[in-house]
Amino acid sequence: MKKNRQLRILELINLYEIETQEELAERLRDDGFDVTQATVSRDIRDMQLTKIAVSNGRQKYIRSLGGGGQLEEKYIRVLKEGMLSAETAGNLIVIRTVTGMAMAVATALDSLDFKEMLGCIAGDDTIFCAIKDAEETEAVRNRILDMLK
C-alpha cells in the first residue's frame, strides 16, 4: 500500500504543480487512497521531496536531487553564475553561457529533472535543450529564468 501510494505521489507531482500537502492528500483521496495530512507529510519526508519555485510566484513539489534542497540550490547557483541568455526556437531552448560554463550549466539543468526536457547538448558557451513539445518550450524557458531571480 505504501509503495503504491508513494509511486502515485511521484506521478502526481510530475503531472501537476502541487504546492501543499493538503492538495497532495486531496488528489490521493480522489485516487482512492485513504490518507491524512500526517501520512502525506511522512511520505514527503521519506521520499525526500522538496519544493522549487515555478512561474507566477508559486512553488511545487519535486523529487529531491539526493542532497536535499542544498544540492538543488547548488545547481541553481551554477545557472545564476553561468547563464547569460535563453531563447526559444521551436522545441529547443538555446542558452548562452559564460565561456567554458556550458557543460556545467547543462549538467545542472539535467539534474534539475524538468519532465519536459529530453536532454541538453553543450558546447563551450552554448547549450541546446530539447523539449518534448514545442508548445511547452516557452513555459520551460520561463521556469528556468524564474529560478535565476
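## Ground rules

Numbering starts from 1 along each chain as its sequence is written, and side-chain values use heavy atoms, with hydrogens and water left out. Since we're looking at a predicted model, local features need pLDDT of at least 70 and side-chain atom pairs count only at pLDDT 80 or more, while totals for chains, interfaces and linings use all residues.

## The overall fold

The chain has 6 helices and 6 strands; these are DSSP runs numbered from the N terminus, with helices being H or I of at least four residues and strands E of at least two. Follow the sequence and you get α-α-α-β-β-α-β-β-α-β-β-α. Along the principal axes, the C-alpha atoms fill a box of roughly 50 × 30 × 25 Å.

Of the 149 residues, 39% count as buried (buried is under 20% relative accessible area, exposed is over 50%, and partly exposed is in between, with a 1.4 Å probe and protein chains only). Take the contacts (heavy atoms within 4.5 Å) with a separation of 6 or more: 51% of them join residues 24 or more positions apart.

## H1 against H2

Two packed helices are described by the angle between their axes and the distance between the axes. Here H1 (residues 2-15) and H2 (residues 21-30) pack at about 115 degrees, with axes 11 Å apart. The axes are lines fitted to C-alpha atoms over the stretch in contact, and angles run from 0 to 180 degrees between N-to-C directions.

On the H1 side you'll find Arg5, Arg8, Ile9 and Leu12, which meet Leu24, Arg27 and Leu28 of H2. That contact splits into 4 nonpolar, no polar and 3 charged residues. For the classes, Ala, Val, Leu, Ile, Met, Phe, Trp, Tyr, Cys and Pro are nonpolar, Asp, Glu, Lys and Arg are charged, and the others, Gly among them, are polar.

## The cavity

Searching the whole structure turns up 1 cavity of 30 Å³ or more, and the largest cavity holds about 150 Å³ of space. A cavity is a set of points, on a 1 Å grid over the protein atoms alone, where a 1.4 Å probe fits but cannot get out; lining residues have an atom within 4 Å of a point. Grid points are joined across faces, edges and corners, and the volume is the space filled by probe spheres set on them.

Its lining has 13 residues, with Asn14, Lys60, Ile62, Leu112 and Asp113 nearest the centre. H1, strand E2 (59-63) and helix H6 (134-147) each supply at least two of the lining residues, and E2 gives the largest share, 4 residues. By class, the lining has 7 nonpolar, 1 polar and 5 charged residues.

Gln21 sits in H2 and is buried, at 18% relative accessible area. Leaving out residues up to four places away in sequence, Gln21 touches Gln37, Val40, Ser41, Ile44 and Tyr61. Ile127, in strand E6 (residues 126-131), is buried too, at 0%. Arg96 is 31 residues from Ile127 in sequence and 6.6 Å away, C-alpha to C-alpha.

Gln48 is in the loop between helix H3 (37-46) and strand E1 (49-53). Its phi is near 55 degrees, a positive value in a residue other than glycine. At 46% relative accessibility, Gln48 counts as partly exposed.

Definitions and conventions. 1 Å grid on protein atoms, 1.4 Å probe; cavity = no way out; pocket = protein on both sides within 12 Å on 5 of 7 lines; lining within 4 Å.
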